[in-house]
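Hi,

Here is the structure I promised to pass on. Have a look, and then read my notes below.

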Amino acid sequence: EFSPLIRKIVMIVAMEYGQHISLKSIADRFRMNATYLGQIFIKETDMKFSEYLMCYRLCMAREQIVNSDEKIAVIAASVGYTNMNYFYQQFNQYYHTRGRR
């Protein structure tokens with residue numbers, strides 16, 4: 001079970017994953033030091049904030065790919081990726097190393 005702070009961060013990611021968000025921008029909202037917030041996030045979730053955000057975005061992208069006829073470029077942009085090559089690289093690496101989900 002996560003602390004209220006980490007639950008709020010997870011909720012922010014769920015609501016804003018398609019936008020440009022970062023640990024620093026979230027830390028600024030809570031008037032906290034980004035490094036300290038990052039340490040708390042790692043301690044509670046066992047992953048860096050950037051890893052969590054990437055995983056969330058890729059899971060949402062996969063869901064859209066499977067359940068819609070939308071073009072991959074549109075889906076990638078909708079989950080926060082502006083660079084298609086980077087999206088393909090991240091997507092393939094994530095799902096190749098973790099097997100099919």
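Is Glu16 buried or exposed? Glu16 is buried, at 15% relative accessible area, where buried means under 20%, exposed over 50% and partly exposed in between, with a 1.4 Å probe and protein chains only. Glu16 sits in helix H1 (residues 4-16); helices are DSSP runs of H or I with at least four residues, numbered from the N terminus. Leaving aside residues up to four places away in sequence, Glu16 touches Ile21 and Arg29, a contact being heavy atoms within 4.5 Å.

Before you go further: this is a predicted model, with local features needing pLDDT of at least 70, side-chain atom pairs counting only at pLDDT 80 or more, and totals for chains, interfaces and linings using all residues. Residues are numbered from 1 along each chain as its sequence is written, and side-chain values use heavy atoms, without hydrogens and water.

Now the cysteines. With a disulfide taken as a pair of cysteine sulfur atoms within 2.5 Å, the count is 0. Cys55 is in no disulfide, and its nearest cysteine sulfur, that of Cys59, is 6.4 Å away. That is too far for a bond. Cys55 is buried at 10% relative accessible area, whereas Cys59 is partly exposed at 32%.

Cheers

How values were computed
Helices (H or I, at least four residues) and strands (E, at least two) are DSSP runs, numbered from the N terminus.
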